[in-house]
Amino acid sequence: MSLLTVTGVRALTPRMTRVTFTGDGLADLGTWPDQQLKLLFPKQGGSAHVSDATDTGTWYQAYLALPEETRPWMRSFTVRALADGVLTVDFVLHGDHGPAARWAATAKPGDVLGRFGPSRDYARPLGTAELLVFAGDETALPAIGSLLEVLPAHQRFLAFVEVADPAEEQDLPGVRWVHRSAGEDLVSAVSAVEVPASVWVWLGGEASTVRLLRRHFVSLGVSREDIEFAGYWRRALTQDDAPTEDDLAEARERIAALTE
Ligand SMILES: Cc1cc2nc3c(=O)[nH]c(=O)nc-3n(C[C@H](O)[C@H](O)[C@H](O)COP(=O)(O)OP(=O)(O)OC[C@H]3O[C@@H](n4cnc5c(N)ncnc54)[C@H](O)[C@@H]3O)c2cc1C
């Protein structure tokens, strides 16, 4: 567990803010695409710091043992870039009053967050196939962006990203943008394309959409181990809320895919 200090804040689009941080240990971290980390957001009167593991337990146990009033909120994010000890994270300003989005909307240099990870244990390596398919919403854009950057030059790929409207597009060559403002949706856009037998799929974003897309590819005969998927957020639920039956089913499917 380390602390991060904001060094810069820049609006990438009306609903996406890029924040750069410095902090202890960043220069020693390895880099790989789709790096996931936990960020800790201080509560009013609380701190972003949680003591590291002690002989009485792990860091996470120390976190849970903090009184709820001061225990920082913990949310998952993606490393958009990490170079020369500077970490870049892109925050979606989803406007739904979550502590992470609220923090990002007013972030300024000098602000401090906690950091846990990224850990290679959660690395989702790129698959190999004739066609790679990436699909997600704006929360998955940092991951998809980092994955596209490491694709071999001649790799065939399709990348779909659902965003609110054209103003949310970023400069990512080859991405097919799906605009909610035009009545488009990710599931319809992805389901409309034909894929060859040799395909590997990466999915991230709103949990029920990810589930529908995964079912779509399974129904096409894509084997479960060739579909990387993760629900990044849940409609009307925060990341602190307990898992739903669907979340538990998803977790079981992920475990089953890993052990197949
Ligand atoms: C591995 C992983 C990597 C992720 N990487 C990123 C990233 O790089 N950038 C990023 O912005 N997000 C990323 N996310 C998603 C992010 O963790 C969630 O959106 C998270 O819920 C935001 O926390 P919050 O405190 O703003 O909202 P919460 O307190 O968790 O939720 C509050 C309310 O906001 C709603 N909500 C949450 N997210 C959204 C959204 N995107 N759109 C509309 N409503 C929403 C919830 O349904 C809830 O009603 C990632 C998630 C995972 C699991």
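Domains, ligand and backbone

Reply: In this predicted model, the C-alpha centres of domain 1 and domain 2 lie 24 Å apart. The contact between them takes 16 residues from domain 1 and 22 residues from domain 2. As for their bounds, the protein is divided into domain 1 (2–120) and domain 2 (124–259).

Me: What area is buried between domain 1 and domain 2?

Reply: The size of an interface is often given as the accessible area lost when the parts come together. Carbon and sulfur atoms give 49% of the area buried between domain 1 and domain 2, and the total is about 1,600 Å².

Me: From which domains does the shell around the ligand draw at least three residues?

Reply: Of the 24 residues around the ligand, S76, V92, H94, R234 and Q239 come nearest. At least three residues of the shell come from each of domain 1 (2–120) and domain 2 (124–259).

Me: Which element gives the most residues to the shell around the ligand?

Reply: By class, the shell has 11 nonpolar, 8 polar and 5 charged residues. The element that gives the most, with 4 residues, is β4.

Me: How far is an oxygen atom of the ligand from a polar backbone atom of S76?

Reply: A polar contact is a pair of N or O atoms within 3.5 Å. A polar side-chain atom of T78 lies 2.8 Å from a nitrogen atom of the ligand, and a backbone N or O atom of A236 lies 2.9 Å from an oxygen atom of the ligand. For the polar backbone atom of S76, the distance to a ligand oxygen atom is 2.7 Å.

Me: How much of the ligand's own accessible area does the protein cover?

Reply: On its own, the ligand has 920 Å² of accessible area. The part of this area that the protein covers is 91%.

Me: Which residues does a cis peptide bond join?

Reply: Most residues other than glycine have a negative phi, and most peptide bonds are trans. Here P118 lies in the loop between β7 (112–116) and β8 (131–137). With omega at about 0°, the cis bond joins G117 and P118.

Me: What is the phi of D34, positive or negative, and what is its value?

Reply: D34 is found in the loop between β2 (16–23) and β3 (36–41). Although D34 is not a glycine, its phi is positive, at about 55°.

Conventions: Residues numbered from 1 in each chain as written. Predicted model: local features only at pLDDT ≥ 70, side-chain atom pairs only at ≥ 80, totals over all residues. Heavy atoms only, no water. Near = heavy atom within 4 Å. Polar contact = N/O pair within 3.5 Å; in protein donor to acceptor, adjacent residues only side chain to side chain. Areas by Shrake-Rupley, 256 points an atom, 1.4 Å probe, with all protein chains shown as cover. Helix = DSSP H or I, 4+ residues; strand = E, 2+ residues; numbered from the N terminus. Nonpolar A, V, L, I, M, F, W, Y, C, P; charged D, E, K, R; others polar. Domains from an automatic or database assignment. Contact = heavy atoms within 4.5 Å. Buried area = accessible area lost by both parts, 1.4 Å probe.
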